[in-house]
Amino acid sequence: SSVALIGSAAAQPPPPPIMSWAGPYIGLNAGAAWRSSSFSNPDAFGTIIADPIWSDRTTSFIGGGQIGYNWQSGNLVYGFEGDIDGVSGNSSAATSGGTQSSSKLDWMSTIRGRAGVTVSPQFLAYLPGGAAFAHFSDAWGFAPTGNDFTSNGMRAGWTGGGGLEYMFDPHWSARIEGLYADFGTQNQTTVYAGPTYRSGFKHTVTLLRGGLN
């Protein structure tokens, strides 16, 4: 009898794995970035050129990685995440008055808090928000004299968005998320042919990317 009971107990299937979002994670992501860029000059060189002088929208491929940590209380999941992505592509255009404008986004990184709810133990809907950083190389000038106005360096801004994540294994999840980042206007003053002119490069970026953690 005891042998039969032991055999019966041994034949019981193992309990299902516990699906928890709590703990550290690391992953990869890839997707698309839609960048809106413009160059403005409030002084507008008198009446020679209208303001804004140049604006452009560029679609680029992005790819990179993320790392973060989650806490979970019931169906509430919250935590923080950092990521960095390389960005392909740039934009340039001939503008009015015989000028040339160009802009390039080299990379973008965010540091965000995340808060969401589990629709089911495996399905998470979340809202991220925080700080964004990116490296832009911008130039504008009268051809063929060269670049009269330039801005080259890291810019800081804010970001927010939303995402959906699915845990298809206790140690693996897949996600899709969208983010909007605003880097404001990088203002400068330049002495050009005598007078001093104010100018600025403005950038916003919208991301749509998938990820695996």
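Tutor: Let us begin with contacts, keeping in mind that this is a predicted model. Leaving aside the neighbours within four places in sequence, Ala 174 is in contact with Leu 164, Glu 165, Tyr 166, Phe 168, Gly 211 and Leu 212.

Student: Which elements does the protein as a whole contain, and how many of each?

Tutor: The protein has one helix and nine strands, and read from the N terminus the order is α-β-β-β-β-β-β-β-β-β. Of its 213 residues, 38% count as buried. Among the contacts with a separation of 6 or more, 66% are between residues 24 or more positions apart. The protein exposes about 10800 Å², of which carbon and sulfur atoms supply 64%.

Student: Let us turn to the surface. Which residues form a nonpolar patch there?

Tutor: The nonpolar patch on the surface is formed by Tyr 69, Trp 71, Leu 76, Tyr 78, Phe 80 and Val 117, which together have about 550 Å² of accessible area. Strand 2 (54-73) and strand 3 (76-87) are the elements that give two or more residues to this patch, and the largest share, three residues, comes from strand 3.

Student: Several of those residues carry rings. What describes a pair of aromatic rings?

Tutor: In general, two values describe a pair of aromatic rings, namely the distance of the centres and the angle of the planes. A search of the whole structure finds five aromatic pairs. One of them joins Tyr 69 and Trp 71, with 4.8 Å from centre to centre and 55° between the planes, and this pair is tilted. Another tilted pair is that of Trp 71 and Phe 80, for which the centres are 6.0 Å apart and the planes make an angle of 50°. Ring pairs link Tyr 69, Trp 71, Tyr 78 and Phe 80 into a cluster.

Student: Now for charged side chains. How many salt bridges are found in the whole structure, and with which residues does Glu 165 form them?

Tutor: The search of the whole structure finds 12 salt bridges. Glu 165 forms a salt bridge with Arg 114, where the closest N and O atoms are 3.2 Å apart. Since Glu 165 lies in strand 7 (residues 149-169) and Arg 114 in strand 5 (residues 99-120), this pair ties together parts that are 51 residues apart in sequence. Both Glu 165 and Arg 114 are buried. Glu 165 also forms a salt bridge with Arg 175, with 3.6 Å between the closest N and O atoms; Arg 175 lies in strand 8, so this pair ties together parts that are 10 residues apart in sequence. Arg 175, like Glu 165, is buried.

Student: Which residues make up the network of salt bridges that includes Glu 165, and over the face of which ring does Arg 114 lie?

Tutor: The network of salt bridges links Glu 81, Asp 83, Asp 85, Arg 112, Arg 114, Glu 165, Arg 175, Glu 177 and Arg 209. Arg 114 lies over the face of Tyr 126, at 4.3 Å from the ring centre.

Student: Where in the chain do Lys 202 and Asp 182 lie?

Tutor: The side chains of Lys 202 and Asp 182 meet in a salt bridge, at 3.9 Å from N to O. This pair links distant parts of the chain, with Lys 202 in strand 9 (residues 196-212) and Asp 182 in strand 8, 20 residues apart. Lys 202 is partly exposed, with a relative accessible area of 34%, whereas Asp 182 counts as buried because its relative accessibility is 16%.

Technical notes:
Residues are numbered from 1 along each chain as its sequence is written. This is a predicted model: local features need pLDDT of at least 70, side-chain atom pairs count only at pLDDT 80 or more; totals for chains, interfaces and linings use all residues. Side-chain values use heavy atoms; hydrogens and water are left out. Contact means heavy atoms within 4.5 Å. Patches are made of residues with over 30% relative accessible area and no salt bridge: like charges are joined within 9 Å, nonpolar side chains (Val, Leu, Ile, Met, Phe, Trp, Tyr) within 5 Å. Accessible areas come from the Shrake-Rupley method with a 1.4 Å probe; for residues, only the protein chains shown count as cover. A salt bridge is a side-chain nitrogen of Lys or Arg within 4 Å of a carboxyl oxygen of Asp or Glu. Helices (H or I, at least four residues) and strands (E, at least two) are DSSP runs, numbered from the N terminus. Rings of Phe, Tyr and Trp (its six-membered ring) pair if their centres lie within 6.5 Å; planes under 30 degrees apart count as stacked, over 60 as edge-to-face and the rest as tilted. A charge sits over a ring if NZ of Lys or CZ of Arg is within 6 Å of the ring centre and within 35 degrees of the ring normal. Buried means under 20% relative accessible area, exposed over 50%, partly exposed in between (1.4 Å probe, protein chains only).
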